[in-house]
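Biologist: I would like to learn how to read a few features of a model. Please give the general idea, then the case at hand.

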Amino acid sequence: MTSFFQLLLGGIGMGCIYCLVAIEYTLIWNASGLVNFAHDKFIMLGAYIFAGTLVLKLNLPIILAVPIALFLMAIFGSVAAMGIFNPLSRLNSNIYAVMGTIMLAKILGEATRLIWGPAPFNLPSFVKGAYKLGEVSVSKVYLLIMIATIAILLIIEFMFKKTKVGIAMRCVAEDKTAASLMGVNVNKNITFTVALSGMICCVVGILIIPVFNVSLGMSTMIGLKGFAAGIVGGFGSIPGAIVGGLLIGIVESLYSGVGPTVYRDVVAFVLLIGFLLVKPKGILNSKASK
Amino acid sequence: MLEINNVDIFYGKAQALTNVSVCVGEKEIVSVIGANGAGKTTLMKSIMGLVHPTAGSITFKGENITKLAAHDVVKQGIIYVPEGRRIFPSLTVYENLFMGTYSKKYSKKEIEDKIEEQYEFFPKLKERMDQLGGSLSGGEQQMLAIARGLMADPKLLMLDEPSLGLAPIIVEDIFKIILDINSKKNIPIMLVEQNAYMALESSSRAYVLELGIVKQQGDASVLIEDDDIKKAYLGG
């Protein structure tokens, strides 16, 4: 029983990360109709800026490095939106935008290698250790991940329901022409959304440093699994992203209690293919497949 | 107040409007009638900056708005209630109305007052305030779309096919509302309609569009008696 709870807890922890990844690209998809294939590189970039430059090079305290990293990633997101998402989404085929974001991913990967070097590194004293809860040990990083995820979900919920820019984001996702007739500058709104997405990527990047270290491939797997989470939950839906993320995290973790661990990463993709075959709309009906 | 001068619009190589000139004065209700594909909606879209003319100019209160984007035209005070209502289906009635004030910098209190004002004008909407826009009936959606337009205190309200797809009794309600908006709130209205009879009945002046060209124009009371128009648009 103890090991069950242990696995469940770990599953929820990773599940939260998949949630955030699914939300981060769902926001952009809803706003612009584009899938950001560079999203895992956004996550990696956030981690490199935070750990590589702000903490290790400039020796800033964590408490200062986090907001600065978020700010820089928001600016990076805005520039990416103005340079890539907005112009490419206006072209008459989505394939240009798909190629655009894939190329962006390549450029970011190579640029990161040039700036910070190919060797992985770690932040030695960044959220290490665990609390004991009876027999179950709760690692501090999973606890932090859960708290951060809940905080981000609450902020997003508040924004979408109560703020002018958030309600306008929902309108842009629903009907761009009608939104512009309300006076919404749709391009600006999309730029804001991509900036927000960049900030969530940055949070994910920082949170997974203790789990995966900082490396060029640190976010590839969670990027794919977060993508799977969105489809399993219902593509284009924020609640779907949450449900799908948690489901994949928990199933994957529980699996490692019964099956060979080498196949652990396969679980998410088996789930993904299963859902695509049997229930392509996902657990909560997706808007995309309408 | 609104002046459209010799406007040409192309979609690719197809010309949708040719040398169209239309004006709307203070306090007027002006309607544009014509068959499907005559260019009525294109005319509205060109005013809103959703399509841009290749020739001609559009001015509003003396300012040239020909090249403005839609969200900037809205800031000038021109509100367009598009064909098919285009309310936001997953937003509540209240949120839809709230979005109507996006272009304005109203305080919370002012927004609440404005919404209350719409509820007085459209009592049905008050009953439905927490329902999703998509769950309303066609007539209610049209009222919501008009109410949402009124939230921004328009200096000119443009209505595109407000009667489309509605039951005759609801159509009468809608036209009553249109007349009320004009007379009680002193808002000039530009109306595009396939229901030519209702449109001519309610407006002071009218334009007849045919294949992108202004075929006839004049006082609505004169046009409604015109034999050609009777034959083409009023069923005899």
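Biologist: Which residue takes a positive phi in the hairpin of β1(B) and β2(B)?

Modeller: This is a predicted model, where local features need pLDDT of at least 70, side-chain atom pairs count only at pLDDT 80 or more, and totals for chains, interfaces and linings use all residues. Residues are numbered from 1 along each chain as its sequence is written, with chains lettered from A and ligands numbered from 1 in the order in which they are written. Helices (H or I, at least four residues) and strands (E, at least two) are DSSP runs, numbered from the N terminus. In that hairpin, with two residues between the strands, B:Gly12 has a positive phi near 65°.

Biologist: How many bridges join β1(B) to β2(B)?

Modeller: Two strands pair if DSSP finds at least two bridges between them. Here seven bridges join strand β1 (residues 2-11) of chain B to strand β2 (residues 14-24) of chain B, and the two run antiparallel. B:Leu2 has B:Val24 in β2(B) as its bridge partner. β1(B) also pairs with strand β4 (residues 55-60) of chain B, antiparallel, over five bridges; there B:Glu3 is bridged to B:Thr59.

Biologist: At what angle do α1(A) and α10(A) cross?

Modeller: Two packed helices are described by the angle between their axes and the distance between the axes. Axes are lines fitted to C-alpha atoms, for helices over the stretch in contact, with angles from 0 to 180 degrees between N-to-C directions. The axes of helix α1 (residues 2-32) of chain A and helix α10 (residues 220-233) of chain A cross at roughly 75° and come within 8 Å.
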